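Work through the exercises below with the sequence and the model open beside you. Try each task before reading its solution.

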Amino acid sequence: MHVVLDDTAMVAAGRGNLLASRLIHRAHAEAGWYLYAPACALVEADRARPGTAEHLAALPGVTVLDLDLSAALAVAGDTTWAQAHARHAAAPTPDRPSGAVVATTDPARWAGQPVRVIDLTP
């Protein structure tokens, strides 16, 4: 299972959201679970809740995704870097032909987007 945290999920994790904590635990403890934090979403989460970036980056089950060229091109054409980078990270790749699921506490933000969503709203 491949899961991309959007900025709202990252902030929720920093505040102790139980569902976000379970995802983090699974990514650390269970084979086949992968959790990603896109760098642009990490920046936005840290702006909303200072300290979030350092906290998530220190967790062994979380992989921080750099803003590489293909991500930068995807982000450049959108209004919000955080959402664009998360959407790009969730897109299918040769390693993940089915793509990844976006974890969020704001599922309405993803309405009409080409991604599957896990609602972390308590």
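This is a predicted model: local features need pLDDT of at least 70, side-chain atom pairs count only at pLDDT 80 or more; totals for chains, interfaces and linings use all residues.

Residues are numbered from 1 along each chain as its sequence is written, and side-chain values use heavy atoms, with hydrogens and water left out.

**Exercise 1. The whole protein**

Task: State how many helices and strands the protein has, and compare its radius of gyration with that of a compact globule.

Solution: Begin with the elements, where helices (H or I, at least four residues) and strands (E, at least two) are DSSP runs numbered from the N terminus. The protein has six helices and five strands, and from the N terminus on they run β-α-α-β-α-α-β-α-α-β-β.

Because the rule puts a compact globule of 122 residues near 14 Å, the 13 Å of the protein agrees with it. The C-alpha atoms fill a box of roughly 35 × 30 × 25 Å along the principal axes.

**Exercise 2. Helix 3 and helix 1**

Task: Find which residues of helix 3 are buried, and describe how helix 1 packs against helix 3.

Solution: Apply the cut-offs for accessibility, by which buried means under 20% relative accessible area, exposed over 50% and partly exposed in between (1.4 Å probe, protein chains only). In helix 3, the buried residues are Cys40, Ala41, Leu42 and Ala45. Their cover includes strand 1 (2-5), helix 1, strand 2 (34-38), helix 4, strand 3 and helix 6 (81-90).

Then consider the axes, which are lines fitted to C-alpha atoms, for helices over the stretch in contact, with angles from 0 to 180 degrees between N-to-C directions. Helix 1 (residues 7-14) and helix 3 (residues 39-48) pack at about 50 degrees, with their axes 8 Å apart. Helix 1 is therefore oblique to helix 3, given that angles under 35 degrees count as roughly parallel, over 145 as roughly antiparallel, 65 to 115 as roughly perpendicular and the rest as oblique.

Finally, look for contacts (heavy atoms within 4.5 Å): Asp7, Met10 and Val11 in helix 1 meet Ala41, Leu42, Glu44, Ala45 and Ala48 in helix 3.

**Exercise 3. Helix 6 and helix 5**

Task: Is helix 6 largely enclosed or largely open, and how does helix 5 meet helix 6?

Solution: Eight of the ten residues of helix 6 are buried, so helix 6 is largely enclosed by the rest of the structure. The buried residues include Ala82, Gln83, His85 and Arg87.

The axes of helix 5 (residues 69-76) and helix 6 come within 8 Å and cross at roughly 130 degrees, which means that helix 5 is oblique to helix 6. Ser70, Ala71, Ala74 and Val75 of helix 5 make the contact with Trp81, Ala84, His85 and His88 of helix 6.

**Exercise 4. Pro60**

Task: Locate Pro60 and decide whether Pro60 is buried or exposed.

Solution: Pro60 lies in the loop between helix 4 (52-57) and strand 3 (62-65). Because its relative accessibility is 64%, Pro60 counts as exposed.

Key. The radius of gyration is taken over C-alpha atoms; the globule rule is 2.2 Å times the number of residues to the power 0.38.
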